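Please examine the structure before reading each worked solution.

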Amino acid sequence: MTVAFPSGLPSAHRSPLSNLTLRRRQALIVVLISAILARSVPLNSSSLFRRWKEDRAYKKLERKRRETETPLNTPALEKKLVDLYILDPSGSRTLLVPHQGRVSKVRITPTSNETYASHLASFPPLDPREKLGVNKKFWKMLFAVLKVAFPSKTGKEAFLLVLHTFFLLSRTILSVMVARLDGRIVRDLVSANGAGFVRGLGWWFALAIPSTYTNSMIRYLERKLALAFRTNLTRYIHDLYLNDNLNYYKFGLGLGVAVPIEQKKKGENGGASEAAAGTADQFITTDVARFCDSLAALYGNIGKPALDMLIFTSQLAASLGPVGTFGLFTNYAFTAWVLKKATPAFGRMAATEARLEGEYRAGLGRIGRDGEEVAFYNGGKREKGILMSAYEKLAKHVHTTFKARIPYGMTEDFTIKYFWSACGYCLMSLPILFPAVDKAVHSGRPREIHHEVAERTEGYVSNRRLLLSLADAGGRLMYSGKDLAELSGYTSRVYALLSSLHSLNNNIYPENPRPASLKEDEPFYDLSNVHGRVILGPKHLLLRGVPIVAPAGGAAGAERGGEELIHRLDLRVEQGEHTLITGPNGVGKTSIARIVAQLWPTWSGLMERPIHGEGGIFFLPQRPYLSIGSLRDHPHTYAEMKSRGRTDAELMSILEHVHLAYLPSREGGWETRKEWKDVLSGGEKQRMGMARLFYHRPTYAILDECTSAVSSDVEGLMYEHAKNLGITLVTISHRPSLLKYHNRHLRLGDPTSHTYPPTPSRTPVGSTTNLSGLTPQTPSTPLAAHGWQLTTLHSTSAEEKLELNHEIEEIERQLNEVKQWEARLEVIGRELRGEAGVKA
Ligand SMILES: Nc1ncnc2c1ncn2[C@@H]1O[C@H](COP(=O)(O)OP(=O)(O)OP(=O)(O)O)[C@@H](O)[C@H]1O
């Protein structure tokens with residue numbers, strides 16, 4: 001029998017929304033979403049096609065134009081190079097980023113010092129004993145990081161968030177509408193209402209368009225939000241990491257991340273030490289990206305299901321009545337409790353995984369960087385062992401994480417899918433099986449018996465779908481508990497990086513107590529107790545009472561402090577006083593340069609030097625630094641060169657002085673871009689370093705074995721040229737042949753040859769000698785008595801005389817032999833001619 005009934009009749013078991021209201025709401029929402037769609041998608045197909053054609057033609061033209069331009073096509077080149085970035089007087093730069101055949105402009109404003117200062121208080125150093133997880137500390141860390149990732153309430157991220165929220169809301173509303181429509185379609189089907197069924201199907205497709213668009217937009221906006229967070233964090237970190245305080249170097253030394261990895265006992269959550277260990281590239285690339293993805297996803301993962309649950313519960317509550325609603329909430333509370341008990345330490349696991357990945361990545365990076373050395377030593381096997389061990393550690397940890405997820409996943413699935421569904425069935429059965437409950441819910445509303453089956457079916461299907469959606473939302477909400485725990489791990493990593501960089505930037509280090517193992521007369525060099533004075537700007541170089549100490553961060557620093565290499569150094573170099581520093585390996589020669597360059601701290605005493613760069617002081621280390629870029633970029637970018645009025649002719653003349661004039665033609669011109677460290681030989685790289693020096697013409701140059709791979713004839717010419725340019729040389733070298741280019745010599749003593757009362761320094765130096773005492777000395781000075789020698793190499797210098805005498809003696813010896821060799825040559829010649837009477 002077919003039961004037909006008008007669709008507008010009052011219903012008891014149908015949804016609480018009447019059909020009429022439902023239709024009106026549906027119509028309103030569809031109109032609303034269509035309006036949004038119409039605004040975001042150009043619906044005029046002919047204009048869309050025209051625009052696409054124009055775009056294609058433009059791209060084709062651009063491609064052709066670029067193909068016709070050789071790299072040496074001057075106007076194009078000039079434009080390209082000058083516009084690589086445009087510097088504003090305000091300090092911001094506009095980067096020109098080639099993208100899809102066009103150049104897009106990206107304006108980058110550096111993070112101001114005020115911003116960093118205002119954030120400092122939010123990033124106190126991480127306590128290694130701090131437990132990782134979703135706790136109070138996590139929220140504090142998250143809010144601190146959010147200050148960077150989400151800097152403004154009115155910025156782009158806020159707009160994205162609002163849009164994201166709008167689409168999340170739309171999706172929930174659409175889900176409710178779909179559930180209701182589902183019920184209606186089945187009702188019409190059961191009651192053989194053909195017209196209603198077709199109408200329902202029409203609505204079904206009408207809802208499909210906004211629903212699919214909404215889903216795609218949610219995913220798109222989530223990724224965009226993650227990218228916006230990452231861009232903010234990356235720019236902030238770059239500015240802090242690569243600043244004039246040399247944080248990148250200090251971080252690399254491990255001074256910023258001050259904690260050892262503690263051994264985790266079974267069942268223990270472990271501390272924040274996991275968060276703080278690792279290399280900068282792992283922190284800045286993977287950890288920041290994971291944090292941003294996780295944070296952006298979490299908003300959707302928590303916000304959307306929470307909203308769903310609210311709306312679905314309210315919808316269901318209308319059908320299920322107060323008992324059912326109470327049951328629902330009891331169910332939620334119970335599930336949350338069970339899952340909390342079953343959740344392993346996901347936060348710590350995420351942080352450990354990130355650290356282990358970092359270690360593995362660092363191993364790979366080392367092979368990439370030192371590939372040639374590894375190859376010469378045939379160290380592939382050893383490196384493979386190291387890599388495999390790092391990988392196995394990572395794989396084992398990931399495996400443990402997977403295993404930990406099995407019981408958790410089971411509990412979660414059982415509770416949310418099966419337990420919740422069973423509860424749902426029970427709740428839905430209440431009004432059907434117990435009419436008293438039904439009456440209480442729908443009191444006073446008349447019901448027509450012949451509609452009962454159809455309406456029950458509708459109510460059942462709608463409620464069932466709502467319950468399924470509810471279970472899904474609940475599942476996602478509970479899953480997001482795990483996501484939140486993982487986010488806590490990533491947050492701790494990003495926080496650790498930021499707080500380390502802030503601490504380094506402000507020279508804040510944890511204060512360590514003096515270790516009991518140190519003797520009373522042994523100084524303790526703690527990074528928190530650096531009190532030397534540094535004055536940048538004078539026209540001379542001065543170190544007065546400065547200990548040369550290799551810093552030690554972290555556990556080593558706490559255990560024994562920095563390592564004293566030279567007790568106290570007094571040295572003054574005025575312009576024109578070319579000073580050579582020699583001494584055995586490991587005595588601390590380069591360390592002096594590190595302190596002067598401020599790579600290492602001036603622990604006590606006074607250090608004065610000119611400013612870094614043009615007209616000031618310049619440092620050339622043993623391993624030359626060659627950046628990626630064109631040959632021209634090495635001293636300066638094209639834009640900088642132009643702005644200073646420097647010319648290519650000048651560059652060429654500099655290359656001639658370092659005997660590299662052949663380089664531009666060999667490498668294909670000034671604009672050739674290569675990985676120069678792989679292209680040039682060791683000596684060529686060092687000569688490029690000297691070329692840089694000649695280009696910048698500082699007043700002082702600290703040359704640390706920077707010509708060790710250069711042939712001595714070219715080396716000599718370069719030293720002479722540097723002096724002719726008015727550069728005062730402070731050279732660190734083992735080559736005595738360099739003495740002749742200097743007029744002062746500082747020789748650091750060999751600690752093994754001394755039997756001085758034990759002092760912690762390797763080079764036992766008493767430097768009570770005042771600075772004037774460091775001008776021409778004889779070996780009998782107290783300084784020399786302590787293993788030091790500082791001499792002025794003028795005509796009366798015994799050292800120089802000795803050196804020169806040796807050289808003269810050798811030449812004279814060779815000259816004396818000339819006559820003998822000439823006679824011998826004569827004899828051989830005659831022998832060959834067969835002249836008689838010649839004795840062999
Ligand atoms: N980055 C560092 N961190 C901690 N200690 C360091 C670091 N670099 C060097 N040291 C310590 O300082 C000591 C002196 O190093 P330095 O480079 O100054 O020696 P050097 O006199 O220049 O030797 P060489 O002639 O071999 O170049 C080393 O033996 C080492 O113990």
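**Exercise 1: Strand S7 and its partners**

Strand S7 and strand S13 (residues 728–732) pair in the parallel sense over three bridges. The model is a predicted one.

Task: Determine which residue of S13 stands opposite Leu 580, how many bridges join S7 to strand S14, and which residues on the two faces of S7 are buried.

Solution. 
1. Begin with S13: Leu 580 stands opposite Thr 731 in that strand.
2. Turn to S14 (residues 744–747), which runs parallel to S7 and is joined to S7 by four bridges. Here Thr 579 faces Arg 744.
3. Recall that side chains in a regular strand alternate between the two faces of the sheet.
4. Assign the faces of S7 (residues 579–582): Thr 579 and Ile 581 lie on one side, Leu 580 and Thr 582 on the other, and all are buried, so that both faces are covered.

**Exercise 2: The open four-stranded sheet**

Task: State the strand order of the open sheet of four strands, and explain why one side of S4 and of S6 is left without a neighbour in the sheet.

Solution. 
1. The order is S4-S8-S5-S6, and the pairing is mixed.
2. Strand S4 (533–536) and strand S6 (563–573) each have a single partner strand and stand at the edges; therefore one side of each has no neighbour in the sheet.
3. On average, neighbouring strands of this sheet are turned by 25° against each other, direction ignored.
4. Strand S5 (residues 541–550) runs antiparallel to S6, with seven bridges between them. Within this pair, Ile 548 has Ile 566 of S6 as its bridge partner.
5. Helix H17 (residues 589–596) lies across S5, S6 and strand S8 (606–609), and runs at about 115° to S5.

**Exercise 3: Annotated spans**

Task: Identify which residues UniProt lists as "transmembrane region", and describe the modelled chain over residues 158–181 and 201–221.

Solution. 
1. The unreviewed UniProt entry lists residues 27–49, 158–181 and 201–221 under this name.
2. Residues 158–181 are 100% helix and 0% strand, with end C-alpha atoms 34 Å apart.
3. Residues 201–221 are 100% helix and 0% strand, and their end C-alpha atoms lie 30 Å apart.

Definitions and conventions. Residues are numbered from 1 along each chain as its sequence is written. This is a predicted model: local features need pLDDT of at least 70, side-chain atom pairs count only at pLDDT 80 or more; totals for chains, interfaces and linings use all residues. Side-chain values use heavy atoms; hydrogens and water are left out. Two strands pair if DSSP finds at least two bridges between them. Axes are lines fitted to C-alpha atoms, for helices over the stretch in contact, and angles run from 0 to 180 degrees between N-to-C directions. Contact means heavy atoms within 4.5 Å. UniProt positions are given in the numbering used here, feature names are shortened, and annotations may be inferred rather than shown by experiment. Buried means under 20% relative accessible area, exposed over 50%, partly exposed in between (1.4 Å probe, protein chains only).
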